[in-house]
Amino acid sequence: MHGSFVRCGYGPITKCRFRQAPPLRSIARNSLIPRKVLMSSPARLLADPLPTRELEALLVNLDADSLRWVSGFVAGLAAGRLQKADGALVSSAALTVVPAAPLSSAPTVTVLYASQTGNGRRVAEKLGKALEAGGFAKQIIAAGDYSLKQLAQERYLYIVASTHGDGEPPDDARPLLELLAGRRAPRLDQLGFAVLALGDSSYPQFCATGRLLDARLEELGARRLFDRVECDVDFEGKATAWVQQSVAKTGSELGLGSAPTGATGAAHEGFPALAAATREEPVEIEVVVNQRITARDADKDVRHIELLVPQGRFPYQAGDALGVWLNNPPALVEQTLAAVALEPTELVSVDGRTHTLIEWLSSQREVTRVARGLIERLAALSGDAALAALLKPGSAVQLREKLKTWQVPDLLMQYPAQWTGERLVRALHPLTPRLYSIASAPEEVGEEIHITVAVVDEIHEGNRHQGAISSQLQSFEPGKTFSAFIEPNARFRLPASGATDVIMIGPGTGIAPFRGFVQARANTRATGRNWLIFGGRRRDRDFLYQTEWLTAVKKGHLAHLDVAFSRDTAQKVYVQQRLLERGAELFHWLDSGAHLYVCGDAERMAPDVHAALIEIVATHGGRTAEEATTYVSNLASSRRYLRDVY
């Protein structure tokens, strides 16, 4: 272990209840597995599923029609069902092969998404369902799984592209964007496409990823089916209209009813579908532990919260997030009403829905997060020149800084204006759930979910700001329930092989998913080494999960534990400094196949870590700066360098 540690006195996380985790189930129900494997013993099927890379090698030379035939063939195998009989899988003789349906001449419609937080993926899935309901053959695919070879064969392509930060593309979209920009990009004269761009207008480079894709496809000869649609953070309305327009355009291009309308997949009678909690249909969960894990005099109150979830309703893997739906805190709603001097019982109708104003502000609109739209409306109503100046292109940086610190009541009180209930509701963004990285693994905790929550409680320009969700979670006692759902994070998964080494970098609450990673690796007896780098302010106040990490080192579940505390020394030390200090060994791990994960702050920490990685590769790998940059990019494109940053 690198460095020394001083116990800060916090014991292990305690539990109010103890439950036995359900037995693990690891059947690859949705995997495409060759017949020779399917027909082998059930024990082999469970213990030795076909690796993804081998599967890709088998399929790499197949064209689109052949891939669809294979898909139909495997769907037929699935129709035979793997049933449970007396606690064991039935023999391969029980598998029934159903011939694939004849291929239609209608082309498959591809829905491609580049998503950082999951919003783009959700829109793509909605479009996929709508196309399926319309009888069209479709496939939904993430940008990280897409290739130029596949693009050259497409006829119809719908793209949902998110931009995060100031013009940053989603991590898994970078390789595709680089290939599209290069000389090897194919002519696409046969392609019809449409783009939905998601972004945040508080950043200067609003919707940059979608704009780039839209322009480049046109340069390559593709035909725009209809104009690009750009969405701000309140994207739901425009996204829904875009989905409808896409389905209608597909119908006019291909002819309604021209695509196969048969069953899209066999029902798995042996495995009835469970009603998993979703963003649209969340499920109530119960608090069983709510424990502060920072010292009383620490700068932040960080909470470890354990939640009991209904069996089967919250399927997740380490790396996923928990979405939390809560109404706005009543005090913030009252401040907002007082700032505009409107009656809380006033009935307000917007977009076909009617609620009292207090209902809109409590459960339908954001009152802690300020968006550009509110500033634009307020500048027009108040006539304030300084506020209007913030909206000019040259003031983008100043506007962004203000948006970080303003809450809705602050802004409304600082710039008085004549509001009506309808004006106010239309100026505010829809209330959205908050996402928290899950700090547990189901292999360890069973039907529970653990999260790590930093409570927002700060003073800005004399005003107290509290987090809309974290300030409420802080006070939830055991027995309290609230609505939640799982937000899958397929971009942030442990390697398929347990023999692969893993490096995890997580300052502050960015440590949360790595608690789940270590639990999962320990419970599955992964033989690969684990290296954790944690950053905080002070060792004796906010070394999150300290006792658990030290125990993991003793048990051999962590090969290395490095820490950086920025306020304990005159010279501030951050995680990137620790990386540079351990650069030789870190490069050796990476060059030997390790996967590297980063979670936490996107604006400063993540870029600093990225720069440190390039420097390490250049210094210890004997590369030029350009070669080192390419090396790190290749790590990302091969999904060995994964980030969950926000």
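The model is predicted, so to speak of local features a pLDDT of at least 70 is needed, side-chain atom pairs count only at pLDDT 80 or more, and totals for chains, interfaces and linings use all residues. Residues are numbered from 1 along each chain as its sequence is written, and side-chain values use heavy atoms, with hydrogens and water left out.

Let's start with the second largest pocket, which holds about 1000 Å³ of space. A pocket here is an open set of points on a 1 Å grid over the protein atoms alone, where a 1.4 Å probe fits, with protein on both sides within 12 Å along at least five of seven lines; its lining residues have an atom within 4 Å of a point. Its lining has 39 residues, and the closest to the centre are Asp-234, Phe-235, Glu-236, Gly-237 and Pro-430. Helix α9 gives the largest share of this lining, seven residues. Among the other elements that supply at least two residues each are α5 (119-133) and β8 (229-231). Helices (H or I, at least four residues) and strands (E, at least two) are DSSP runs, numbered from the N terminus. By type, the lining divides into 14 nonpolar, nine polar (Gly among them) and 16 charged residues.

Now turn to the open sheet, whose six strands run in the order β14-β11-β18-β9-β10-β15 with antiparallel pairing. Strands pair if DSSP finds at least two bridges between them. At the edges, β14 (434-437) and β15 (448-454) each pair on one side only. Inside the order, β11 (residues 321-325) and β18 (residues 481-487) are joined over five antiparallel bridges, and Leu-322 faces Ile-486 of β18.

Technical notes: Points joined across faces, edges and corners; volume = space filled by probe spheres on them.
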